[in-house]
Amino acid sequence: MTIAIGIDDTDSRTGMCTTFLASELIQELEEYDLIGLPRLVRLNPNIPWKTRGNGAICLRFGEGVGKGIPVCQIGEKSYSSYDEDKGDLSSREIEDRVAKVVESHYRLDDENTNPAFVILDKDPPSSLYWKAVRGIVRLEEVKDMVAHIGVHRMYKNGRGLIGATSAVSWKPKDFTYEITAYRKRDKWGAPRELVKDSVIAMDKKLPSTFNNYDYEEGHMAIAPNSPCPVLFGIRGDSLEDLLPAMSMIKGEEIQRWTLFLTNQGTDEHLVRRTIGSIGAYESVIADAEVVAGPRMIQGGHLVFRISDGDEIDCTAYEPSKGFRTIVKGLRVGDRITVYGSIREDPKTINVEKLQIRSVVEVDEKIGNPKCPECGKRMKSVGTNAGYRCRGCHTQSEEGDAETVKADRTLSPGFYEPPVSARRHLSRPLKRMKSELEPS
Ligand code: ATP
């Protein structure tokens, strides 16, 4: 029987990365076979107590059947994974060894680090995954769920049990892959040495990969900014392309690598909602009409308001850079679909992606109206108060001004922020071919 190990909440902002424990576990449990790929599962991106990307891992072990494929390498040693299992491994058999791996890496000193692991003989229901990626899960409900299907250990408040169990409950429908390359230990915390041109060359050569390089910012998005052991991660839709992709990257030595199956780039955090039914900590898809804005606020963020009967503000934050040019082009009356996460205070949708469904015609004023008596330009009486002719005293309405149809720069279609401003779970337009093709 395959057993599944789930781990979460081991790291802090000052170091480590839960994904690193995948290769540590594979090494520790090397007499067993890995079944399927190691999994990196991203959960609700709006959880306030996450460290960074709210990611948890799941690995399955047993006795593999057939020919394996290499999915991890540490130094010179390569480890494979198998599609099928004929073993009868039990959770208790490996509990202490999993604990040893977790306990030798977790960062307990950080007050927000509350590690946990599960070793489950049976998968929890996939409904747990959907709740964990889209909403809030209570620790008590997860404790009840795992009580009779294996073993678990919790450290400090043990909140990591939520992520650890949810990672095991993920039944992949849509999925992508990531190859994560790790640094030599003496480099952890030091600036990463990677050759930009090699990242660009890889990005151009292998179109099945995504989010590699931000051409707008000149930024290598494959490398994290934190002092963790990760050198870089390359994401893609084709498993076969990821090893060649990694080998194209020039820079410092790779000490180990792991291939993950992940829910990154799938939009699985999003739920279609009417504005009135949007709840806290949710990520939503909302069809609506622009009713105000856009206006720039302090910090370079752009805010506009939408309505579907109920109203809510939407914000394109400063880090979304050039995407704000699109948002700036919105006008009252445009019909759009907003994809994004809810920020509670102030309540706004943090825009992750935008579909412009239709743009309205806009009349742009080019001059005051001409007097119907003498033909001279009339004068404004005041803001929105109409016009009057100085000579004949003829009055005219505000709407009588001379206008032309404005040249709308926006056209219907999908728009997304640049690579550096995207969330792990956001589905890049590159992966949305079916939606982008005209039906
Ligand atoms: P990293 O990406 O560096 O691994 P992280 O961003 O994944 O770190 P964690 O340190 O794992 O963040 O913290 C997230 C915490 O939130 C974990 O304890 C996890 O169990 C919990 N959690 C995750 N999703 C939910 C959810 N939907 N409801 C409640 N708690 C959650």
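Modeller: Asparagine 211 is buried, at 14% relative accessible area (buried is under 20%, exposed over 50%, partly exposed in between, with a 1.4 Å probe and protein chains only). This is a predicted model, where local features need pLDDT of at least 70, side-chain atom pairs count only at pLDDT 80 or more, and totals for chains, interfaces and linings use all residues. Residues are numbered from 1 along each chain as its sequence is written, and side-chain values use heavy atoms, with hydrogens and water left out.

Colleague: Where is asparagine 211 placed?

Modeller: In the loop between strand 12 (209–210) and strand 13 (213–214). Strands are DSSP runs of E, at least two residues, and helices are runs of H or I, at least four, numbered from the N terminus.

Colleague: Which side chain makes a polar contact with the side chain of asparagine 211?

Modeller: Arginine 422, at 2.7 Å. A polar contact is a pair of N or O atoms within 3.5 Å; within protein, one must be able to donate a hydrogen and the other to accept it, and residues adjacent in sequence count only if both atoms are side-chain atoms.

Colleague: Now the ligand. How many residues surround it?

Modeller: 23, with Asp9, Asp11, Thr51, Arg52 and Asn54 the closest. Being near takes a heavy atom within 4 Å.

Colleague: Which helix gives the most to that shell?

Modeller: Helix 5 (residues 160–169), with three residues.
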